[in-house]
Amino acid sequence: MRLSTWIRQHLAALRALLILTVCTGIVYPLAVYAVAQLPGLRDGAEGSLQRAGGKLVGSSLIGQSFTDAEGNALPQYFQSRPSAAGDGYDPMSSAASNLGPEDIVDTDARASLLTQVCARSRAIGDRERVDGSRPFCTEDGVGAVLSVLGTRGADGDVAHPTRVVSVNQPCPATPFLSSYRGVAVECAQPGQDYAAGLIVPIRGNAAAEPAVPADAVTASGSGLDPDISPEYAAIQVARIAEVRGVTVEQVREVVAAHTKGRAIGFLGEPRVNVLRLNLDLDQRYPLRG
């Protein structure tokens with residue numbers, strides 16, 4: 001190959017590199033930025049940042065907790081749904097817990113998903129003064145699950161149990177059932193493995209539709225959901241009204257103002273943005289010192 005041909009080829013490649021760098025590295029980003037500043041698009045493009053008193057307090061697109069330094073719910077604010085992202089609502093650790101409906105037995109390392117749901121439901125019920133019970137949960141807020149030990153039949157069932165253990169209630173807890181199939185139910189001895197038994201969740205007599213909605217006790221897939229359901233907002237209204245010294249109807253009006261329906265009429269579920277709701281409450285009905 002002649003030197004002149006080699007130089008022409010490399011000069012052409014250099015020109016292509018410069019042109020593509022200008023087009024894709026400068027012109028295109030500037031064009032996207034310019035379009036993002038159009039009315040109706042700018043808020044989302046800027047991250048929907050929310051300010052109060054000139055101070056940045058969060059984004060309406062990313063959830064956050066409204067708790068004190070010890071993790072206790074601040075009574076004057078609506079509470080968000082749980083988060084499994086890092087230590088909670090960590091944008092750098094967006095993720096779900098990856099725990100499914102079959103995760104019902106507690107271990108020494110962590111509580112099962114069922115027990116987490118039961119504990120949250122009970123705590124929310126106490127805080128909001130509603131019935132926190134739900135199916136497959138004990139009154140003390142753990143999963144109502146038995147390990148039934150004995151000889152299994154061809155169908156996998158244990159027709160004549162020899163021992164029954166409430167696996168999520170470590171001793172000296174009192175089991176949620178006194179007996180099962182005529183056998184006294186025992187509390188679980190710490191460190192013992194009861195996986196050899198038939199694992200049986202017990203539904204109990206809680207209502208099929210719990211007063212505490214599902215989004216109040218389960219995290220979203222991203223762990224960053226900024227919204228809650230209108231049902232979860234509704235059970236918090238009385239507490240907010242009492243703490244802020246206003247009427248329930250006044251708080252309901254604020255909730256209604258921040259409730260959005262399904263996207264284009266049929267996608268998703270109605271939702272309430274928690275950050276915007278709490279900021280509006282602070283503006284309309286500030287907490288009295």
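Student: What should I know about the numbering and the model before we start?
Tutor: Residues are numbered from 1 along each chain as its sequence is written, and side-chain values use heavy atoms, with hydrogens and water left out. The model is predicted: local features need pLDDT of at least 70, side-chain atom pairs count only at pLDDT 80 or more, and totals for chains, interfaces and linings use all residues.

Student: In what order do the three strands of the open sheet run?
Tutor: Strands here are DSSP E runs of at least two residues, and helices are H or I runs of at least four, both numbered from the N terminus. Two strands pair if DSSP finds at least two bridges between them. The pairing in this open sheet is antiparallel, and the order is β8-β10-β9.

Student: Which strands stand at the edges?
Tutor: Look for strands with a single partner, so that one side is left without a neighbour in the sheet. That picks out β8 (227–228) and β9 (259–260).

Student: Which residue forms a salt bridge with D227?
Tutor: A salt bridge puts a side-chain nitrogen of Lys or Arg within 4 Å of a carboxyl oxygen of Asp or Glu. Here the closest N and O atoms are 3.9 Å apart, and the partner of D227 is R271.

Student: Is R271 buried or exposed, or partly exposed?
Tutor: Buried means under 20% relative accessible area, exposed over 50%, and partly exposed in between, using a 1.4 Å probe and protein chains only. D227 has 17%, so D227 counts as buried. R271 has 29%, so R271 counts as partly exposed.

Student: How many residues apart in sequence are the parts that R239 and E128 tie together?
Tutor: Their side chains meet in a salt bridge of 2.9 Å, N to O. R239 lies in helix α4 (residues 230–244) and E128 in helix α3, so the parts tied together are apart in sequence by 111 residues.

Student: Which side chain does Y77 meet in a polar contact of 2.8 Å?
Tutor: Y77 sits in the loop between β2 and α3, and with a relative accessible area of 16% it's buried. A polar contact is a pair of N or O atoms within 3.5 Å; within protein, one must be able to donate a hydrogen and the other to accept it, and residues adjacent in sequence count only if both atoms are side-chain atoms. The partner side chain is that of D282.

Student: Which residue has its backbone oxygen 3.5 Å from a polar atom of the S112 side chain?
Tutor: S112 lies in the loop between β2 (55–59) and α3 (113–128), and it's buried, with a relative accessible area of 0%. Among the residues it touches are D103, V105 and N168. The backbone oxygen in question belongs to I104.

Notes
Contact means heavy atoms within 4.5 Å. Lists of a residue's contacts leave out its neighbours within four places in sequence.
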